[in-house]
Amino acid sequence: MEPEPRLATDYEQTNETTWVFNLREGVQFHDGTEFNAEAVKANIERIVDPAVASSRANIFEMIEEINVVDDYTVEIITEYPFAALPNYLAHDAGGMVSKAVIDEDYQNALDEAALDMTLDEFYEQRAAGGAEYEETANEVGRATGTIVEQKPVGTGYMQFQSRSPGENVVVERFDDYWDEPAKLDTITFKVVAEDASRIAELESGQSHFIQGFDNAQWERIENHPEMETHPVYNLSNEYVGMNTQKGPLEDKRVRQAIGHMVDKDTIMEGIYYGVGRTMKGALQEEILGYNEDLEDLEYNPERAKELLEEAGYDDGFDLTIMTNDTPERVDLAIFLQEELKTVGINLNIEQLEWGAYLEAVSNGEHDLFILGWPNPVGDPDQGIWPLFHSSMQGTAGNRSFFDNAEVDELLEQGRRELDDAKREEIYQEIDKILVEEQPAVFIRQSQSANAARTEVEGLYISHFNKPDFRNVTINEQ
């Protein structure tokens with residue numbers, strides 16, 4: 001889980017808020033332009049630009065200033081000490097796009113908005129910020145991204161060749177890649193919506209590799225002589241969240257009672273077919289701050305009844321659990337409905353289409369809900385801050401509407417603390433509090449459903465479930 005030097009060969013933290021990154025020389029974008037410090041500055045500033053309105057802008061919200069020291073040195077200044085900056089820069093949001101394409105994209109947006117300003121004037125106004133730029137951003141924002149969509153130009157080992165929307169994307173080897181070039185000539189990413197169709201593609205040899213299939217299909221694939229699974233414990237989880245600001249769930253004893261009624265082992269085997277592993281708290285085993293000695297709430301119906309009686313709910317009450325139409329989540333909701341009935345909680349199930357579901361739980365219309373949360377940077381900050389810091393309530397991630405001053409303070413300390421050993425202690429303490437407060441019951445660390453033909457060799461899949469095809473060969477049999 002340590003960031004690997006690629007386009008940045010090394011970095012140094014010169015003070016609590018200043019980082020200096022040294023860049024690799026001799027790297028070309030796919031359009032032949034040079035990768036350098038100006039490109040890094042352009043990319044990060046683009047992600048946080050309100051005119052772009054990137055959904056990933058929050059990844060770099062801590063960055064206050066980006067300075068080009070020389071052609072191959074970048075200085076990044078953060079608003080406050082932020083220990084996980086290298087991890088955050090390794091997020092997809094830190095992917096490098098050709099500056100020439102970025103400039104062309106902004107110029108196109110200016111032209112579409114019919115604004116009487118040059119690109120340099122636009123950049124100067126953006127740097128100044130304020131109300132004037134806010135108005136400009138609204139105007140150009142209608143067209144930003146158009147050219148970048150048409151010309152996805154990066155520095156990677158494969159370059160864009162073609163796309164048929166809804167059908168496929170084709171990439172080809174980039175022979176001028178700065179590292180060892182890929183062994184494959186082309187890779188075609190096919191859009192195949194149904195699980196069964198994807199598996200059929202693999203069985204017939206029409207596709208060499210698939211991502212995503214129902215957990216019930218693992219055995220079928222593993223028993224096939226020409227297919228093999230590539231399981232990866234990824235950095236995401238499935239959890240049951242509780243609206244801590246609504247009705248009986250405002251009382252942590254009620255939340256604890258529900259936690260005591262969640263039989264994680266039975267759920268893992270009966271609903272997830274044993275795929276993945278149960279979780280005690282919010283952090284996976286691979287993440288800094290994971291505590292193998294964390295004491296979880298055990299499955300204990302008698303203790304659940306005692307807690308409900310202490311809270312004054314021994315006569316029972318009604319709750320609603322919301323979920324989308326993912327079969328396993330629906331099965332989990334039904335399982336919890338049956339379990340909670342035995343302690344007097346009548347759990348109604350409300351199943352919604354994905355978009356309506358996210359909107360409803362973000363607006364706090366639920367009592368309980370079932371969701372997953374990925375950690376795309378491999379740092380505990382991203383695993384807990386969005387879910388439980390009070391500033392993130394609603395759409396930003398905290399759909400439990402959890403508001404705990406001690407957790408807020410510890411999360412803020414965790415961001416600023418630069419010593420890994422001290423950070424580990426901070427996040428272990430947070431996990432203990434989360435078990436006590438029970439704003440959510442973490443059920444399972446996901447295991448990614450990947451499978452390939454046996455003739456595929458050299459495939460690597462990261463904990464972020466991203467396949468690396470650099471060393472892949474097809475051993476035709």
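Tutor: Helices (H or I, at least four residues) and strands (E, at least two) are DSSP runs, numbered from the N terminus. This is a predicted model, in which local features need pLDDT of at least 70 and side-chain atom pairs count only at pLDDT 80 or more, while totals for chains, interfaces and linings use all residues. Residues are numbered from 1 along each chain as its sequence is written, and side-chain values use heavy atoms, with hydrogens and water left out.

Student: What is the phi of Ala114 near?

Tutor: Most residues other than glycine have a negative phi. Ala114 is a residue other than glycine with a positive value, near 55 degrees.

Student: How are α1 and α3 oriented to each other, parallel, antiparallel, perpendicular or oblique?

Tutor: The axes of α1 (residues 37–47) and α3 (residues 99–113) come within 9 Å and cross at roughly 45 degrees. Axes are lines fitted to C-alpha atoms, for helices over the stretch in contact, and angles run from 0 to 180 degrees between N-to-C directions. Angles under 35 degrees count as roughly parallel, over 145 as roughly antiparallel, 65 to 115 as roughly perpendicular and the rest as oblique. Therefore α1 is, relative to α3, oblique.

Student: Which residues of α3 make the contact with α1?

Tutor: Contact means heavy atoms within 4.5 Å. From α1 come Glu38, Ala39, Ala42, Asn43 and Arg46. From α3 come Lys99, Ile102 and Tyr106.

Student: How many charged residues does the contact of α1 with α3 have?

Tutor: Ala, Val, Leu, Ile, Met, Phe, Trp, Tyr, Cys and Pro count as nonpolar, Asp, Glu, Lys and Arg as charged, and the others, Gly among them, as polar. The residues divide into 4 nonpolar and 1 polar, and the charged ones number 3.

Student: How are α15 and α16 oriented to each other?

Tutor: The axes of α15 (residues 405–416) and α16 (residues 420–437) come within 9 Å and cross at roughly 160 degrees. The two helices are therefore roughly antiparallel.

Student: How many nonpolar residues does the contact of α15 with α16 have?

Tutor: Residues making the contact include Leu410 and Leu411 of α15 and Ile426 and Ile430 of α16. By class, 2 residues are polar and 4 charged, and the nonpolar ones number 7.

Student: With which side chain does the side chain of Asn22 make a polar contact?

Tutor: Asn22 lies in strand β2 (residues 18–23) and is partly exposed, with a relative accessible area of 29%. A polar contact is a pair of N or O atoms within 3.5 Å; within protein, one must be able to donate a hydrogen and the other to accept it, and residues adjacent in sequence count only if both atoms are side-chain atoms. The side chain of Asn22 has such a contact, at 2.6 Å, with that of Asp10.

Student: Is Gln284 buried or exposed?

Tutor: Gln284 is in the loop between β11 (277–278) and α11 (301–310). Not counting residues up to four places away in sequence, Gln284 touches several residues, among them Asn234, Tyr290 and Gln445. Its relative accessibility is 2%, so Gln284 counts as buried.

Definitions and conventions: Buried < 20%, exposed > 50% of the residue type's maximum accessible area, 1.4 Å probe, protein only.
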